[in-house]
Amino acid sequence: MKGVILAGGTGSRLNPLTRITNKHLLPIFDRPMVTYAIEALVQAGVTEMMVVTGGTHAGEFLRLLGNGHEYGIDRLLYAYQERAGGIAEALGLAQRFVEDDRMVVVLGDNIIERCIRSTVERFEKQPKGARILLAEIEDPEHLRHLGVPAFDGDHRIVNVVEKPTNPPSNYAVTGIYFYPASVFEVIPKLAPSGRGELEITDVNNWFISEGAMEYEVLSGFWGDAGESIDAYYAVNDFVRKNGVNKL
C-alpha cells in the first residue's frame with residue numbers, strides 16, 4: 001500500500017495567510033498542517049509515500065520533511081504539479097511511484113480524530129474497486145460547499161454531487177480516498193470541469209458507475225482546514241483541545 005499526499009493548490013480560500021506560503025505548511029496547533037496527514041498514514045501502517053505539491057513554495061516541503069525518517073516514513077518521494085490542474089491531475093503525477101500497488105490518497109488539509117488503520121486493512125482485503133470515507137454533516141449550508149453522495153434504497157452510493165444546491169444526503173465525501181492502480185487508466189479519460197481542472201469527484205463517480213465503490217463513515221471529528229479561514233481556526237481549536245489521529 002502506497003500513500004499519496006496532495007498538497008498543492010493556490011490556497012486562495014485562506015488568503016491572505018497563503019500569500020507567503022503553501023497552505024499545507026501553515027500551523028495547526030503546534031506543527032505544520034501537512035504533518036498530520038503524514039502521521040495519519042504512518043499510524044495506519046503506510047510508510048512509503050509521495051507528496052505532490054506545486055507553486056513557488058514547493059521547496060519548503062523538502063526543507064521540512066527531508067527524507068521523512070523523522071516522521072516514521074521509510075521512503076518519501078516528491079512530485080511537482082506545474083499548474084493548478086485539479087486534484088485528479090495531481091494524483092496522476094504519482095503513477096510511477098505507485099506502479100501496480102493500491103494506494104490511500106489524502107488531501108493535505110484534512111484532519112481526522114481517529115486512526116484509519118482498520119479502513120486500510122479492509123481496503124487491502126477488498127477484491128476490487130475503490131473506497132471513500134464519508135463524514136456526517138448536519139448543516140445543509142456546509143454541505144452545499146462539499147461533495148455529497150446520493151444513495152439508493154440499499155444504501156449504495158449512486159453518485160456524488162459536487163456543491164449541491166439541495167444536498168441529497170447528510171454526508172460529505174472527505175479528502176481521503178482509496179484506489180487501485182487502475183485509477184491511472186481513468187484519469188486520462190476525464191474531461192476538464194468548468195474551471196478547467198480534472199476533478200476527483202469525476203474519478204469517484206466513474207468507480208460508482210462501474211459498481212466498484214465502497215464507503216465507510218468516519219467516527220469522530222473530521223475537518224478541512226483549507227475550506228475557509230473560519231474552518232482553519234475551528235480545526236486549530238479542535239486539535240489544541242482534543243488531539244487527533246488517535247489510536
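Tutor: In what follows, buried means under 20% relative accessible area, exposed means over 50%, and partly exposed covers the range in between. The model is predicted.

Student: How many residues apart are Arg-156 and Glu-214?

Tutor: The side chains of Arg-156 and Glu-214 meet in a salt bridge at 3.3 Å, N to O. This pair links distant parts of the chain, with Arg-156 in the loop between strand S9 (147–151) and S10, and Glu-214 in strand S12; the separation is 58 residues.

Student: Which residue forms a salt bridge with Glu-199, and is Glu-199 buried or exposed?

Tutor: The partner is Arg-195, with the closest N and O atoms 2.8 Å apart. Arg-195 has a relative accessible area of 57%, over the 50% limit, so Arg-195 is exposed. Glu-199 has 15%, under the 20% limit, so Glu-199 is buried.

Student: Where do the buried residues of helix H8 lie, seen down the axis?

Tutor: In H8 (residues 200–209), the buried residues are Ile-200, Thr-201, Val-203, Asn-204, Phe-207 and Ile-208. Seen down the axis, they fall within an arc of 160°, so they line one face of the helix.

Student: Which elements do the buried residues of H8 pack against?

Tutor: The partners include both helices and strands. The helices are H3 (87–92) and H7 (183–186). The strands are S8 (130–136), S10 (157–162), S11 (171–179) and S12 (213–217).

Student: Which residue just after H8 takes a positive phi?

Tutor: The phi angle in question is about 65°. The residue just after H8 that takes this value is Gly-211.

Student: Which element gives the largest share of the lining of the largest pocket?

Tutor: The largest pocket has a volume of about 1100 Å³. Of the 48 residues that line this pocket, those closest to its centre are Arg-13, Lys-23, Ile-87, Leu-107 and Arg-195. By class, the lining has 14 nonpolar, 23 polar and 11 charged residues. The largest share, 4 residues, comes from S11.

Student: How many charged residues are in the lining of the largest cavity?

Tutor: The largest cavity holds about 70 Å³ of space. Its lining includes Tyr-36, Ala-37, Ile-111 and Asn-245, and helix H1 (34–43) and strand S7 (110–112) each supply at least two of the lining residues. By class, 8 of the lining residues are nonpolar and 2 are polar, and the number of charged residues is none.

Note on methods
Residues numbered from 1 in each chain as written. Predicted model: local features only at pLDDT ≥ 70, side-chain atom pairs only at ≥ 80, totals over all residues. Heavy atoms only, no water. 1 Å grid on protein atoms, 1.4 Å probe; cavity = no way out; pocket = protein on both sides within 12 Å on 5 of 7 lines; lining within 4 Å. Points joined across faces, edges and corners; volume = space filled by probe spheres on them. Nonpolar A, V, L, I, M, F, W, Y, C, P; charged D, E, K, R; others polar. Buried < 20%, exposed > 50% of the residue type's maximum accessible area, 1.4 Å probe, protein only. Arc of directions from axis to C-beta. Contact = heavy atoms within 4.5 Å. Salt bridge = Lys/Arg side-chain N within 4 Å of Asp/Glu carboxyl O.
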